[in-house]
Structure formats: C-alpha cells, structure tokens
Amino acid sequence: MAVFHFCFDLNYFKFIHENFYRDPFWTVQRSVIVTLFVFVSGLGQAIAWEQGQSWPRFWRRWAQVAGCALLVTAGSYLMFPKSYISFGVLHGFAVMLILCRLTANAGVWLWPMGLVAVLLPHLVQHPFFDTRLTNWVGLVTHKPITEDYAPVLPWIGVMWWGLASGQWVLRHKRHWLSGALPQRLSPLAVLGRWSLSFYMVHQPVLIGLLMGVVALVR
C-alpha cells in the first residue's frame, strides 16, 4: 500500500507519468491491496468477537476509524477539490465494521452472504445510487469521480469472508493465529498493532518529503 501510494505521489508531482485510473497495472494493484486490507480486517473481527470484545471497546475503536475517515475527506478536499474522497476505504470500514459486528454469529451463512454482496453490484445498478449521498451503497451505474472509492457493496462481502475464514481458523487451525512470532517478523507485528496510525501518517510524510524535493530541484 505504501509503495503504491508513493508511486501515486510521484505521478502527482510529475516525477513519473502513469495513468492510475485506467492502466490495469495500477488498477489491479489497487484492487488487490484493498481486498487484502478488507479481508484481514474481517479476520481481525473474528478474533475480537472470539475474545469477547465489549461494545464500549468496539465503539472506541470505531470512533477512531470514523474520525480518521473524516480527516481523509478533509485532506483530500484540500488536494483534490473536484475529486475529493467522500466514501473511501476508511469510510467503508466505518460502516462495514458495524455490519460485521451485528452478523458475527451468522456462522456458515457468512459465506453465501459474502457471495451475494460481491455479485450484487454486477447484477443491480440504478442512477439513484450515483450521487455522493448514495454511492456509498455501491449499486452505481458508473464509478464516481473520486480519488478513493470503497462502497459497502461489494466490499462487505470480502469482509464477511474474512470474518468467516477467521472463525474457521480459530475452530480448526488455531495454531495459525497463536504462538510466538519469529523475531525477524517483529517489525511487521508493530505495523499490525499500529495499522491505522501507519495508514494515516504515511501519506502526509511521503507527500511532505516530495514537496521538499520539488522545492529544492524546481
């Protein structure tokens, strides 16, 4: 994700010239990154549910995600006033985390629910959902002009699959998610524990560094 965003920033400051909106080399990368991000978050919800996470603790974490989503909207509006992010990945998480919490006891039904959610946007589209106030659902007739877009449909399906996978692993292969982590992987564990902070900080840092380079060389 950070590498992808760095390349996007290089393009924004015209160090490279790529089409991040149409070139499959970049659009497929973006889809894979978001898929992994959403799936792993669903798996994390399975762990939280299994550990008996309380509603107050859930809402504290949810408030952090929702607050960061608002900051993303504000920051993107400053850089991209015509294509600012009104419902990106974090906005999607703010809605999908609640849906996952409410459906965590659905058991095996999470698998077909996920399939329906993934397929529905390909089968149903309506102009009603093409506005900024309604495109968060995902049943749009065309992708909105925005720098990031992660609607509830189809992405809640991926999170449900992550939740279902996590619950299966906890029942049948718990050792995959337990035990000591090899020392060489400890930096990844730190990033995992501070994933939201890293997500929020890495872009301002990268953009700031490139702005400094631009000021020095141009």
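User: What is the relative accessibility of Glu-50?

Analyst: This is a predicted model, in which local features need pLDDT of at least 70 and side-chain atom pairs count only at pLDDT 80 or more, while totals for chains, interfaces and linings use all residues. Residues are numbered from 1 along each chain as its sequence is written, and side-chain values use heavy atoms, with hydrogens and water left out. A residue is called buried under 20% relative accessible area, exposed over 50%, and partly exposed in between (1.4 Å probe, protein chains only). Glu-50 counts as partly exposed, because its relative accessibility is 40%.

User: With which residue does the side chain of Glu-50 meet in a salt bridge?

Analyst: In general, side chains of opposite charge can pair when their charged atoms come close. A salt bridge here is a side-chain nitrogen of Lys or Arg within 4 Å of a carboxyl oxygen of Asp or Glu. For Glu-50, the N to O distance is 2.5 Å, and the partner is Arg-174.

User: How many residues apart in sequence are the parts that Glu-50 and Arg-174 tie together?

Analyst: Helices (H or I, at least four residues) and strands (E, at least two) are DSSP runs, numbered from the N terminus. Glu-50 lies in helix H2 and Arg-174 in the loop between H6 and H7, so the pair ties together parts whose separation in residues is 124.

User: Which side chain makes a polar contact with the side chain of His-5?

Analyst: His-5 lies in helix H1 (residues 2–12) and is buried, with a relative accessible area of 18%. A polar contact is a pair of N or O atoms within 3.5 Å; within protein, one must be able to donate a hydrogen and the other to accept it, and residues adjacent in sequence count only if both atoms are side-chain atoms. At 2.7 Å, the partner of His-5 is the side chain of His-202.

User: Which residues does Val-169 touch, not counting residues up to four places away in sequence?

Analyst: Val-169 has its place in helix H6 and counts as buried at 9% relative accessibility. With contact meaning heavy atoms within 4.5 Å, and leaving out residues up to four places away in sequence, Val-169 touches Arg-174, Trp-176 and Leu-177.

User: How far apart in space are Val-169 and Val-213?

Analyst: These two residues are 44 residues apart in sequence. From C-alpha to C-alpha, the distance between Val-169 and Val-213 is 47 Å.
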